[in-house]
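These are my notebook entries on a structure that I am consulting for the first time. I record below what I looked up.

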Amino acid sequence: MLWGTGLNEPVSVYKQVVKIKKRRPAFFITLHKNQIHIMAHIIDDISRTFNEYLLIPGLTSKDCAPDKASLKTSLVKFNKGAKSEIELNIPFVSAIMQSVSDDKMAIALARNGGLSFIFGSQSIEDQVEMVRKVKKYKAGFVVSDANLTPEHTLQDVLKLKEKTGFSTIGITDNGAYNGKLLGLVTSRDYRPSRDPLDKKVRDFMTPFSKLIVGKFGITLEEANDIIWDNKINALPVIDDRQHLRYFVFRKDYDNHKENPNELLDKNKSLLTGAGINTRDYKERIPKLIEAGVDVLCIDSSDGFSEWQQDTLKFVRDHYGDSVKIGAGNIIDAEGFQYLADAGADFIKVGIGGGSICITREQKGIGRGQATSLIEVAQARNEYFKQHGVYIPICSDGGIVQDYHMVLALAMGADFLMMGRYFARFDESPTKKLMVGGNYVKEYWGEGSNRARNWQRYDMGGGDSLKFEEGVDSYVPYAGKLKDNLDVTLGKIKSTMCSCGSLTLNQLKDTAKITLVSSTSIIEGGAHDVILKETKRNN
């Protein structure tokens, strides 16, 4: 039986964000043996969106300044008194979508403290390659992916550079990443316009005798000191047998200084996630783990299913708790309890609230995102009290304005998954086009005919998309991710301080939220004036 919740008005002005009444049925028919159902169970609460709420200011102390606010949050579950094994530096992850999350978005977002879940509606090989690119993009000690022998030619160097994008090439005795280091080739060692393409590498490489190298076992700080003291861009790290082990690059040091929130693992590699489905997970998951993926997420429009339970069971049976995997989407306490018991490391909340999602229109399935989040957050807290295990929840969908992000976090979300927000940026995988005199980027749903991600909407039938649950659209082009993200994070921190909070946990504990009427929504915007033509940041 499905049960509803109701809002107890007026909203509490202190500890509780929104008080929840005891669950009760609105209308139902008592069933006796041999009777049949004659109507559905009706939930008597109103399905509400973020747009129907506002935050009430709290006391802002002198110490409560935006530059002191922390947006660090837990990504995966942890026991009472312990700490989450993976923490985000900002509470943002990008959606598991073809038009949002590829390796470029994953790199850009991780460099700014968030995480991408690389889309799974592609071949296993292509998704694995994207994961590898992210893990090897920035790693402090980098295993060399570009290597040749002295007998190769300039043409081989140019082809390898085009293929890998790397301009620093290790020259080893056998052309392997761990062969005996004989020299180094960078773009300063040759001139493609003048040097013949058949020129041997041995004739223009920098030989080992002239290289400055580090010894295996050196710390990253020591390696960076050598780079700076000798004014070089790359430091090869070799073992006692002169075999190449790693490179350390100056640009990685510079990049980290420019991006202090970088989300890194213990090896100084960027963190990345990957989306999976409930069909080919037995083949896909092992390959992704081998490639170094940090966390998985089951991508489904409806996560309250035995298909997800089977997928979670496979991970736990084969990898125990070493592999982290999220599940969803669900929209009530019953769905949360099911996936929590099945072993999910985090749970996604939301059905039908995305800007390109038409599940509610097509199937009549869904719930207002605010109402869903409030109920699931309460269920998460009850689960923690009963079991001593905190399972983070991810609010997925329903974000229109930046302040909706703060509302979602105050209502109990640990982090947010967004598609439209990230699709607008240079780093998303879609084309930038001129439409109607304005620059836009393409943005399509996984349930659209363009994506044809039937696995996401699979209910156990045939291998095809029966009908669309997403649309193909455009979003306004917004420029670089970092520039826009800095503005958004600034707004969030400022709003937190207005609520008297310096951390997201404080925000959950102390935020005061009120329902708003339709007229007060109008009052909240510019009104009764003639606006000048100015550019505004949404």
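I began with N224, which is buried at a relative accessible area of 10% (buried means under 20%, exposed over 50% and partly exposed in between, with a 1.4 Å probe and protein chains only). I located N224 in helix 4 (helices are DSSP runs of H or I with at least four residues, numbered from the N terminus). Leaving out residues up to four places away in sequence, I found that N224 touches V248 and Y253 (contact means heavy atoms within 4.5 Å).

I noted that the model is predicted: local features need pLDDT of at least 70, side-chain atom pairs count only at pLDDT 80 or more, and totals for chains, interfaces and linings use all residues. Residues are numbered from 1 along each chain as its sequence is written, and side-chain values use heavy atoms, without hydrogens and water.

I next examined helix 4 (residues 220–230) and helix 5 (residues 250–258), whose axes come within 10 Å and cross at roughly 105 degrees. The two helices are therefore roughly perpendicular to each other (65 to 115 degrees counts as such). Helix 4 contributes N224, I227 and W228 to the contact, and helix 5 contributes R250, Y253 and D254.

I then turned to the largest nonpolar core, which has 101 residues (a set of buried Ala, Val, Leu, Ile, Met, Phe, Trp, Tyr and Cys residues joined through side-chain atoms within 4.5 Å). F92, F336 and F422 have the most contacts inside this core. Helix 10 (residues 369–387) gives the most to the core, with seven residues. I also recorded a second, separate core of 12 residues, including L154 and F204.

How values were computed:
Axes are lines fitted to C-alpha atoms, for helices over the stretch in contact, and angles run from 0 to 180 degrees between N-to-C directions. Angles under 35 degrees count as roughly parallel, over 145 as roughly antiparallel, 65 to 115 as roughly perpendicular and the rest as oblique.
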